[in-house]
Amino acid sequence: MSAVGHGAAVRIKACGKTFADGTRALDPATLDIARGETLVLLGPSGCGKTTMLRIIAGLELPDAGGKVLFDGKDMTSVPIERRNVGMVFQSYALFPNMTVADNIGYGLKIRGVPKAERAACVAELVALTNITGLENRRIEQLSGGQRQRVALARAVAIRPGILLLDEPLTALDAALRDRLRGELNRLLRALGITTIYVTHDQAEAMELGDRIVVMRKGAIAQIGTPREVYFTPQNRFVAEFIGAANIIEAPLQNGSLVMPGGQLRIGDDVTMPATIAMIRPETIQVVDAGQGSLSGLVDSVSFTGDRQRLVVSGASSRPLNVDASNAIRVKAGDRVGLSIAPEAVRLLPLES
Amino acid sequence: MSHRTFLWLCLLPLAVVTMAFFLLPMARLVIVGAEGPQGIAGYLAILAEPRYRATLINTVLLAAATTIVTLIVATIAGMFLQRHRFPGRSVLIAMLTFPLAFPGVVVGFMIILLAGRQGLIGDVSNRVFGEKIVFAYSIYGLFLGYLYFSIPRVILTIMAAVQKLDVGLEEAARSLGASPWAVQRDVVLPALAPAFVASGAIAFATAMGAFGTAFTLATNIDVLPMLIYTEFTLAANFATSAALSVGLGLITWLILALARSFSGGAVAAAG
């Protein structure tokens with residue numbers, strides 16, 4: 001595949017964005033993206049992730065002092081048409097007055113690539129994105145999934161240094177989204193282009209990202225691999241935004257959290273006067289009543305096939321979510337013991 | 001009373017109005033056109049008679065030129081006004097659309113004030129070159145007048161269409177390397193095609209049939225509405241003026257239909 005390995009390394013230096021009406025969309029942020037890496041900007045709407053993407057694309061100018069560098073070259077004042085970035089929009093933004101093939105080949109046509117060469121490249125991308133047979137269709141004749149593929153093929157056709165994807169799967173229904181997510185993942189790995197992917201969907205971020213930038217209210221909350229942000233969140237926001245989390249507020253005494261259902265040992269070397277702890281539901285073991293460090297009452301059981309989600313009250317100040325094996329026989333009203341390994345408890349700084 | 005009867009009753013006023021003010025006079029007009037000394041052949045005279053034919057061609061060319069120039073001016077202005085926010089913007093829009101309220105006579109009067117014998121342009125050119133430039137009473141004056149009242153009509157339609165444009169399309173084209181010119185050519189103008197056809201049709205039809213301005217300025221211009229007027233009032237040539245009226249309607253309709261089908265591909269493409 002000719003489009004492989006055209007990645008550029010990206011460096012964002014102190015890029016903030018304040019809009020003309022005075023709204024601060026992005027606090028000055030610094031970020032390094034390695035050549036060929038897939039970086040996901042993840043956060044709820046209004047967290048500044050799209051603004052960050054548009055600054056990298058060249059659709060927004062950062063506030064004074066901010067710099068965008070591609071492979072060490074300052075691109076801050078270079079307009080998007082000369083940055084060689086491939087972009088996929090949430091609405092796909094396919095040209096309605098052109099066929100599928102013309103859409104994919106548009107960037108090459110603008111670059112003056114001869115017709116025959118262009119056609120060969122379009123054919124290659126059509127095959128790669130699984131839309132063979134649709135080349136001469138008009139855009140309004142395509143389904144959502146097909147449009148998404150055309151948008152991706154069009155962005156990749158120009159052999160961009162950086163591929164920018166703005167919520168590319170959000171407009172699709174859930175089943176299609178899951179399928180295309182896997183397909184997109186394979187494609188991004190095969191292409192090896194530096195990719196920046198914006199989404200509010202943490203499952204997408206986990207599957208696609210080499211690293212995830214979790215954003216909140218215009219600031220970066222944490223940067224890390226999917227494992228890092230999942231297992232060692234640095235604050236309550238990240239803990240709750242990524243995956244399911246039990247947030248426990250309890251006083252710490254002699255290396256144990258003191259909770260209504262018992263004392264939870266987490267180790268002696270803890271010096272933090274912490275009062276917030278995070279425990280993932282799947283790290284809590286259900287054991288017989290009287291065993292384990294905590295005891296509680298099962299409020300409800302939802303059986304989902306591969307596992308069952310229990311809500312246990314009385315153990316903590318708030319009911320705990322517990323993901324238990326589907327083999328355990330337990331019903332609402334049962335008294336159970338809970339066993340939690342010390343390393344499964346993550347202490348978090350108290351937030352104002 | 002059944003539901004259906006009720007519906008028919010509701011349609012009655014429409015039927016009456018259509019009959020009284022449209023179908024009957026039109027039918028009468030068509031008949032009168034064939035009642036001259038030449039009979040049905042009176043219609044052919046519109047095209048055969050050199051004076052009528054020249055007037056007809058004049059009128060179509062004038063209307064076409066007005067439409068094209070209006071579209072160019074209004075598209076640029078409309079796009080700018082819709083995309084930019086600046087102090088005085090709403091005042092400017094109000095000023096640009098103000099001529100909508102003027103009758104043709106007033107527009108003609110303004111053209112005379114600008115380019116007539118005592119006009120501003122004549123005054124200035126007299127002082128600078130020692131020669132008085134006067135074009136209010138020529139086809140150029142008429143063209144300027146038509147432009148003046150066509151632009152507001154078109155500008156509003158274009159502004160509405162520009163507002164509905166997906167900015168993402170332009171950003172996508174730019175990300176693919178398209179220069180500002182290429183974005184306009186490949187993305188913006190095709191997307192505005194339906195608005196061009198709709199507002200261009202109005203500009204063309206208005207310019208074909210405008211009378212007030214022509215009447216105010218007309219000393220030596222022959223346009224179709226003026227010709228109809230002179231045939232009717234001065235020559236009392238009822239048949240010819242009726243035939244010319246029918247011809248004016250038909251030709252305008254025909255050209256608009258052609259324009260619509262010609263741009264059909266573009267309209268569907270932008271849909």
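The model on screen is predicted, and local features need pLDDT of at least 70, side-chain atom pairs count only at pLDDT 80 or more, while totals for chains, interfaces and linings use all residues. Residues are numbered from 1 along each chain as its sequence is written, and chains are lettered from A and ligands numbered from 1 in the order in which they are written.

**Stop 1: chain B as a whole**

Select chain B and colour by secondary structure. Helices (H or I, at least four residues) and strands (E, at least two) are DSSP runs, numbered from the N terminus. Chain B contains 13 helices and zero strands. Along its principal axes, the C-alpha trace of chain B spans about 75 × 70 × 35 Å.

How much of chain B is buried? Of its 271 residues, buried ones make up 33%. Here a residue is buried if 20 or more other C-beta atoms lie within 10 Å of its own, exposed if 12 or fewer, and partly exposed in between, with C-beta atoms placed from the backbone. Among contacts in chain B with a separation of 6 or more, 72% are between residues 24 or more positions apart. Two residues are in contact if their C-beta atoms, placed from the backbone, lie within 7 Å.

**Stop 2: two helices of chain B**

Select residues 104–115 of chain B, which are helix 5, and residues 139–164, which are helix 7. Their axes are 9 Å apart, and the helices pack at an angle of about 125 degrees. Axes are lines fitted to C-alpha atoms, for helices over the stretch in contact, and angles run from 0 to 180 degrees between N-to-C directions. Helix 5 and helix 7 of chain B are therefore oblique to each other. The crossing of these two helices is right-handed; the term applies if the near helix is turned clockwise from the far one by less than a right angle, and left-handed if anticlockwise.

Now show side chains where the helices meet. Helix 5 of chain B contributes B:Val107, B:Gly108, B:Ile111 and B:Ala115 to the contact. From helix 7 of chain B come B:Gly141, B:Leu144, B:Gly145, B:Tyr148 and B:Phe149. By class, the contact between helix 5 and helix 7 of chain B has six nonpolar, three polar and no charged residues. Ala, Val, Leu, Ile, Met, Phe, Trp, Tyr, Cys and Pro count as nonpolar, Asp, Glu, Lys and Arg as charged, and the others, Gly among them, as polar.

**Stop 3: B:Leu169**

Select B:Leu169, which is found in helix 8 (residues 167–175) of chain B. Is B:Leu169 buried or exposed? B:Leu169 counts as buried because it has 23 C-beta neighbours inside 10 Å. Leaving aside its neighbours within four places in sequence, B:Leu169 is in contact with A:Ala93, A:Phe95, B:Val187 and B:Ala191.

**Stop 4: where the chains meet**

Show both chains. In this interface, 18 residues of chain A are in contact with 16 residues of chain B. On the side of chain A that touches chain B, strand 6 (85–88) and helix 2 (100–110) of chain A each supply at least two residues. By class, that side of chain A has 12 nonpolar, four polar and two charged residues.

**Stop 5: chain A and its strand 8**

Chain A has eight helices and 21 strands, and 43% of its 352 residues count as buried. Its C-alpha atoms fill a box of roughly 75 × 45 × 35 Å, taken along the principal axes.

Select strand 8 (residues 194–199) of chain A, where six of six residues are buried. On one side of strand 8 of chain A are A:Thr194, A:Ile196 and A:Val198, and on the other A:Thr195, A:Tyr197 and A:Thr199.

Which strands run parallel to strand 8 of chain A? Strand 3 (residues 38–42) of chain A is joined to strand 8 by five bridges, with A:Leu41 partnered by A:Val198. Strand 7 (residues 162–166) of chain A is also joined to strand 8 by five bridges, and there A:Leu164 has A:Ile196 as its bridge partner. Two strands pair if DSSP finds at least two bridges between them.

**Stop 6**

Strand 15 (residues 276–279) of chain A pairs with strand 21 over four bridges, and A:Ile279 stands opposite A:Val345.

Definitions and conventions:
Parallel < 35°, antiparallel > 145°, perpendicular 65-115°, else oblique.
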